[in-house]
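User: Got a model open here and want a quick tour. Can you take my questions as they come?

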Amino acid sequence: RTPVTNLGAMTCPVARQFARWTREAVQPAAQQWLGSPVRRIESMGTYSCRPVNGQAGAKLSEHGRANAVDIGAFVLDDGRRITVLQGWNGEDERVRRFLRTVHQAGCRRFGVTLGPDANGYHRDHLHFDMGRGPYCR
């Protein structure tokens with residue numbers, strides 16, 4: 001029930017877990033830490049036929065299997081826009097806690113969850129996929 005921008009093709013298992021994550025983790029965490037529900041989630045995409053991290057010669061990314069989704073921001077009902085890039089290590093402790101809460105919730109629902117602490121390629125988004133796991137970073 002929460003709109004998501006730029007959402008493309010994805011496998012049923014990813015879609016099912018993404019819907020659960022939004023309903024069971026994102027909305028409650030937004031209320032708890034930010035005092036406002038999420039009006040919209042901003043996706044950075046799902047399906048993209050490319051190698052892991054866009055590196056030539058790497059194996060096919062889970063995005064190339066429509067088995068992944070990247071989330072870059074959350075827009076709240078009160079108008080605030082929370083981005084992973086600015087909020088993950090930002091000054092607002094409540095935003096940092098919100099982002100870490102939804103990241104950890106992803107770790108419990110997806111095979112692989114990556115965020116800004118994983119590597120530079122993920123500095124601006126949360127990556128969730130149903131590939132080999134569990135892996136949470």
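User: Let's start with helix H3. How many residues does it have, and what is its reach from first C-alpha to last?
Analyst: Bear in mind that this is a predicted model. H3 covers residues 93-107, which is 15 residues. Its end-to-end C-alpha reach is 21 Å, close to the 21 Å expected at 1.5 Å a residue.

User: What sits at the start of H3?
Analyst: Asp 92. One of its side-chain oxygens comes to within 2.9 Å of the backbone nitrogen of Arg 94.

User: And which residues of H3 are buried?
Analyst: Val 95, Phe 98, Leu 99, Val 102, His 103, Ala 105, Gly 106 and Cys 107.

User: What does Trp 21 touch, skipping residues up to four places away in sequence?
Analyst: Its contacts include Ile 41, Ile 71, Phe 74 and Phe 128. Val 102, Ala 105 and Gly 106 are also among them, and those three are buried residues of H3. Arg 109 and Phe 110 are touched too.

User: Tell me about Ser 61. Is it buried or exposed?
Analyst: Buried, because its relative accessibility is 5% and the cut-off for buried is under 20%. Ser 61 is in the loop between E2 and E3.

User: What does the side chain of Ser 61 reach?
Analyst: The backbone nitrogen of His 63, at 3.0 Å. Beyond four places in sequence, Ser 61 touches Arg 50, Pro 51 and Val 52. Val 52 is also one of the residues closest to the pocket centre.

User: And Pro 51, where is that?
Analyst: In the loop between E2 and E3. Pro 51 is partly exposed, with a relative accessible area of 24%.

User: How far is Pro 51 from Tyr 135?
Analyst: Their C-alpha atoms are separated by 19 Å, and the two are 84 residues apart along the chain.

User: Last topic, backbone geometry. Which peptide bond is cis, from Gly 133 or into something else?
Analyst: The bond from Gly 133 to Pro 134 is cis, with omega near 5°. Pro 134 lies in the loop between E6 and strand E7 (135-136).

User: What is phi for Asn 6 and Ala 66?
Analyst: Asn 6 has phi near 60°, and Ala 66 has about 55°. Both values are positive, and neither residue is a glycine.

User: Are those two buried or exposed?
Analyst: Asn 6 is exposed at 52% relative accessible area, in the loop between strand E1 (4-5) and H1. Ala 66 is buried at 12%, in the loop between E2 and E3.

Definitions and conventions: Residues are numbered from 1 along each chain as its sequence is written. This is a predicted model: local features need pLDDT of at least 70, side-chain atom pairs count only at pLDDT 80 or more; totals for chains, interfaces and linings use all residues. Side-chain values use heavy atoms; hydrogens and water are left out. Helices (H or I, at least four residues) and strands (E, at least two) are DSSP runs, numbered from the N terminus. The expected span of a helix is 1.5 Å times one less than its number of residues. Buried means under 20% relative accessible area, exposed over 50%, partly exposed in between (1.4 Å probe, protein chains only). A polar contact is a pair of N or O atoms within 3.5 Å; within protein, one must be able to donate a hydrogen and the other to accept it, and residues adjacent in sequence count only if both atoms are side-chain atoms. Contact means heavy atoms within 4.5 Å. On a 1 Å grid over the protein atoms alone, a cavity is a set of points where a 1.4 Å probe fits but cannot get out, and a pocket is an open set with protein on both sides within 12 Å along at least five of seven lines; lining residues have an atom within 4 Å of a point.
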